Amino acid sequence: MTGISSGWDFAFAPDGQTIFFTELCRGLSVRLTNGNVVRLFGTTGSSLVAADLWCENQSGVNGVAIDPDFTNNRFIYVYMASNLSSPRTNRVIRLTLSADLMSASGRTDIITNIQYKNVANGVGGPGAHSGGRIRFGPDGFLYITTGDNHNPPLPQDLSRLGGKVLRVDRNGSPATGNNTPAGGDARIFTYGHRNVQGISFRPGTGQPFISEHGPNHSDEVTPLVAGGNGGWDPENRPALTCPDNYCGYAGDPTTMPMTDTTRFPNAMRASWNNNGVSQGTGPSTFLSGTQWKAWDGRLAVGIMGGQRLAILQLNASGMATSSVDVTGLPGERYRSLVLGPDGNLYILAQNVGEIWRIVPN
Ligand SMILES: [Ca+2]
């Protein structure tokens, strides 16, 4: 499909053909099987208007996920920036879609207090590092990725939701088995993250893997364990010059690592670090099914600044053993990746505003 403006994410209805998609500054829309597009939720012109929707920089309407039981409950979920709270926050909201999929109602804000970067600081403008991918896991729980907001203590602060992966039920309540460290917000599944842009679940084991922006080095893909620390801690590094005390851009892989195993010896180890460089690594999704032949079970990673699609081979413990780029695709910002119900790979190419279908051969 074409004509998407600042697209961010998409999801298929159970029919395998209808596509729900988000646009950062506009909202949630649906592309029906006849090709018509209907605006469901967001700015004026949507079936359900969200006057609180706010967009700037990397924030606005980000991820979308449909409920595993959508056929019965017709629930769909969106991650969005909102000015309903002061200061503003990112929220996860739940909507109910009509039987004909052409209107939304019943907005329920299931998480209201994900931190948002409200004001510029010495390392960048407002609206930065909001995370925003949402996906249901094979365990039936909703995983939500967030970002550090350029806020030095946020990733390691277990009382707040930024710089985390959250895991909740369809009402936003903590999932069982999160193993959150004592005293932490029980919705936290993992912490110590910078700006998580992708999450996908390994076929066979169901283990979640995330993909994450690095600063001026070291994008990461990381297999998650409940209660784990991703090891990002951009504060209190006296040897570095840190604007507004945010050290995230100040160092190198030794002095400001994406995974600081000196401070956090038990930190979750990354599978892959993009050969130590940062290219705006964004979404990721596992390829699955025999149609993918040698790539069955590999992880597709969309790289936005680097404008390429990498395919990672992982060993049994989840560490990358090889990476190859898909050839024959245009250079693009690979903003969202979805393995479609038909087993093909779908890509939201942000610059051209299109969703592509990639068929193995
Ligand atoms: Ca890390």
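Which handedness does the link of Cys242 and Cys247 have, going by the angle about the S-S bond?

A: The model is a predicted one, and in it the link of Cys242 and Cys247 is right-handed, with 105° about the S-S bond. The sulfur atoms of Cys242 and Cys247 lie 2.1 Å apart and form a disulfide, and both Cys242 and Cys247 are buried.

This link is one of two disulfides that the structure holds. The other joins Cys25 to Cys55, with an S to S distance of 2.0 Å. For Cys25 and Cys55 the torsion about the S-S bond is about 90°, and the disulfide is therefore right-handed. Cys25 sits in the loop between strand E2 (19–23) and strand E3 (27–31), while Cys55 sits in the loop between strand E5 (48–49) and strand E6 (61–66), so the pair ties together parts that are 30 residues apart in sequence. As for accessibility, Cys25 counts as partly exposed at 40% relative accessibility, and Cys55 counts as partly exposed at 29%. When the bonded cysteines of the protein chain are numbered in sequence order, the pairing reads 1-2, 3-4.

A calcium ion provides another set of contacts to consider. Its protein donors are Glu220 (OE), Gly230 (O), Met258 (O) and Thr259 (OG1), which lie 2.4 to 2.9 Å from the ion. Along the chain, the donors of the calcium ion follow the spacing E-x9-G-x27-M-T. Glu220 belongs to strand E16 (residues 220–223), whereas Met258 belongs to the loop between E16 and strand E17 (281–286), so this pair ties together parts that are 38 residues apart in sequence. Glu220 is buried, with a relative accessible area of 6%, and Met258 is buried as well, with a relative accessible area of 3%.

Strand E22 (residues 345–349) pairs with E23 in the antiparallel sense over five bridges, and Glu354 in E23 is the bridge partner of Ala349.

To return to the request, the link of Cys242 and Cys247 is right-handed, and its two cysteines are buried.

Definitions and conventions:
Residues are numbered from 1 along each chain as its sequence is written. This is a predicted model: local features need pLDDT of at least 70, side-chain atom pairs count only at pLDDT 80 or more; totals for chains, interfaces and linings use all residues. Side-chain values use heavy atoms; hydrogens and water are left out. Donors are N, O and S atoms within 2.8 Å of the metal (3.2 Å for Na, K and Ca); water is not among the atoms, so sites may look incomplete. Helices (H or I, at least four residues) and strands (E, at least two) are DSSP runs, numbered from the N terminus. Buried means under 20% relative accessible area, exposed over 50%, partly exposed in between (1.4 Å probe, protein chains only). A disulfide is a pair of cysteine sulfur atoms within 2.5 Å. Two strands pair if DSSP finds at least two bridges between them.
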